[in-house]
Amino acid sequence: MILEQLADYGARDGTRQLPADVIHHAKRAVLDWFSALYPGTRVAPCPQLLAAHRPELGAGRSSLPGCGTTAFSPTAAWINGSASHAVEFDDIYRDAVYHPGCPVIAAALAVAEERDASGAALLNAIVAGYEISTRIGAAVQPAHYRYFHTTGTVGAFGAAAAAAALAAPGDAQAMRHALATAASFAAGLQQAFRSDAMTKALHAGNAANAGVRAGLGAAHGLTGAAGMLDGPVGFGAALADSPDWARAAHGLGEHYNILHITQKNHGCCGHTFAAIDAALALRAQHGLTPTDIERIEVDAYQATLDVTGNRDPRTPFEGKFSLFYVVAHALQYGSVRLDAFEPARLADPALRALMDRITLRADPALTAAFPGQRAARVTIHTRAGVRHSHFAPYRKGDPEAPLSDAELDAKFDELAGPVLGAAGARRLRDQAWRLESLPVRDLQLHRPV
């Protein structure tokens, strides 16, 4: 059974010395997760979650970074997982249409702090969580993504693997039962991000929370059904069409998906990134300004239309899921960062006028290549009668064009710096790059900022 193969792998990689490049990319993932987490603590749903769980705050040993307090590990995973998904700067595993960092790292960190684990053990647990969940995610796509939000569903497996690796190191049976139990808790419907609501971010937090509970429970003897992934009424049968479980098992412990993660360069839905990149390339190459533009044509894959086809976003959340808005913003302001979703920007008449000149179309060839390729073509027709076109075959931050370590540092400073302060950001950034040599509690993430 596929569950046993994944569990055997997770138990093995949770304790062995991993290749240096794998550990390096795990540290990149941690730093990038902090980049998304800290600004996420300042927006919904984090304040609401803190209020809802106020009686629990200050208990336990698991930090709520940026919030100056602690909680027990499931609650910490729930709040941190949700907060890290809120500002749309979290990482992506493209083939699974999945944000692994939010559930996996939130769960791993909460359990590592609770158990006073080493940074090396934390990194190993994160790798196990990434590998198991990204493989399950890729095996059930693209059918799974028709209705389900992969971060909420598959994220529960990644969180459970990471929690089990820390709570029961080297125990394949505990790993198997953790994954089996997590399968029943996997949840998250796409309807949550096709309208203005806080639920999408909660999917990541729920996956982290479910994974921690499944992992801790399995470490203390809770059992789960062995056929929960590939059984006749298991996860794959219920939530996908003909999952490719052989793909999930291929190369386990030899070829690492964590080496091929996308780190976001724009603060919005990843389905818009190729179009943003193409628009920015045309802006730079031809010195275009909005007043030069007669109309814009965007050709992309069908999921781009399904998820980001909102022509009239009115809230920050809606703006992040509107290709019309983010492409127009990129052409007008040169970037799509946190300030893109301030009320004044969302209401900018000039930006709104530019949005009205955008046409979005589904390209059959690009649709057929999804999810393995995330491409877009942008064509701009100028008022002077000139036509400029640019095809982006992948996104800045994808494995084909990764953010460098220096660019990840700059992203962290930009996003986490305003919360931590320059000195605090520099301290945590430096610790993240040498995490394998530190006890996790040395990060002192619970300190007020």
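Helices, of at least four residues, and strands, of at least two, are DSSP runs numbered from the N terminus. The model described here is predicted.

Strand E5 itself belongs to an open sheet of four strands, whose order is E4-E3-E5-E6 and whose pairing is mixed. Strand E4 (358-362) and strand E6 are the edge strands, since each pairs on one side only. From one strand to the next, the twist averages 15°. In general, the strands of a sheet pair through backbone hydrogen bonds, in either a parallel or an antiparallel manner.

How do strands E5 and E6 run, and how many bridges join them? Strand E5 (residues 376-382) and strand E6 (residues 387-392) run antiparallel, and six bridges join them. Two residues of this pairing may be named. Ile380 has His388 in E6 as its bridge partner, and the partner of His381 in E6 is Arg387. The hairpin formed by E5 and E6 has four residues between the strands, and within this hairpin Gly385 takes a positive phi near 85°.

Two helices accompany the sheet. Helix H13 (residues 273-286) packs on the sheet and touches E3, E5 and E6, and its direction makes about 135° with that of E6. Helix H16 (residues 323-333) lies across E3, E4 and E5, and runs at about 125° to E4.

Glu297 lies in strand E3 (residues 293-300). Is the residue buried or exposed? The relative accessible area of Glu297 is 14%, and a residue counts as buried under 20%, so Glu297 is buried. The side chains of Glu297 and His381 are joined by a polar contact of 3.4 Å. Apart from residues up to four places away in sequence, Glu297 touches Thr359, Arg361, Arg377, Val378, Thr379 and His381.

Ala376 has its place in strand E5. Its relative accessibility is 2%, and therefore Ala376 counts as buried. Which residues does Ala376 contact, leaving aside neighbours within four places in sequence? They are Ala274, Ala275, Asp299, Ala300, Leu366, His390, Phe391 and Ala392. Met198 stands 178 residues from Ala376 along the chain, and the C-alpha atoms of the two are separated by 28 Å.

## A pair of helices

Helix H5 (residues 101-114) and helix H6 (residues 119-139) have axes that come within 9 Å and cross at roughly 150°. Angles over 145 degrees count as roughly antiparallel, and H5 and H6 are therefore roughly antiparallel to each other. Their crossing is right-handed. Which residues meet where H5 and H6 are in contact? From H5 come Gly101, Val104, Ile105, Ala108, Leu109 and Ala112, and these meet Leu122, Ile126, Gly129, Tyr130 and Ser133 of H6.

## Backbone features in loops and segments

| Residues joined | Bond | Omega |
|---|---|---|
| Ala44 and Pro45 | cis peptide bond | about 10° |
| Phe370 and Pro371 | cis peptide bond | about 5° |

Pro45 is found in the loop between helix H2 (20-40) and helix H3 (46-52).

Glu88 is not a glycine, although its phi is positive, at about 60°. This residue is found in the loop between helix H4 (73-83) and H5. With a relative accessibility of 3%, Glu88 counts as buried. Gln444 is likewise not a glycine, and has a positive phi of about 55°. Gln444 is found in the segment after helix H20 (405-433). Is Gln444 buried or partly exposed? Its relative accessible area is 33%, which lies between the limits of 20% and 50%, so Gln444 is partly exposed.

Definitions and conventions: Residues are numbered from 1 along each chain as its sequence is written. This is a predicted model: local features need pLDDT of at least 70, side-chain atom pairs count only at pLDDT 80 or more; totals for chains, interfaces and linings use all residues. Side-chain values use heavy atoms; hydrogens and water are left out. Buried means under 20% relative accessible area, exposed over 50%, partly exposed in between (1.4 Å probe, protein chains only). A polar contact is a pair of N or O atoms within 3.5 Å; within protein, one must be able to donate a hydrogen and the other to accept it, and residues adjacent in sequence count only if both atoms are side-chain atoms. Contact means heavy atoms within 4.5 Å. Two strands pair if DSSP finds at least two bridges between them. Axes are lines fitted to C-alpha atoms, for helices over the stretch in contact, and angles run from 0 to 180 degrees between N-to-C directions. Angles under 35 degrees count as roughly parallel, over 145 as roughly antiparallel, 65 to 115 as roughly perpendicular and the rest as oblique. A crossing is left-handed if the near helix is turned anticlockwise from the far one by less than a right angle, and right-handed if clockwise.
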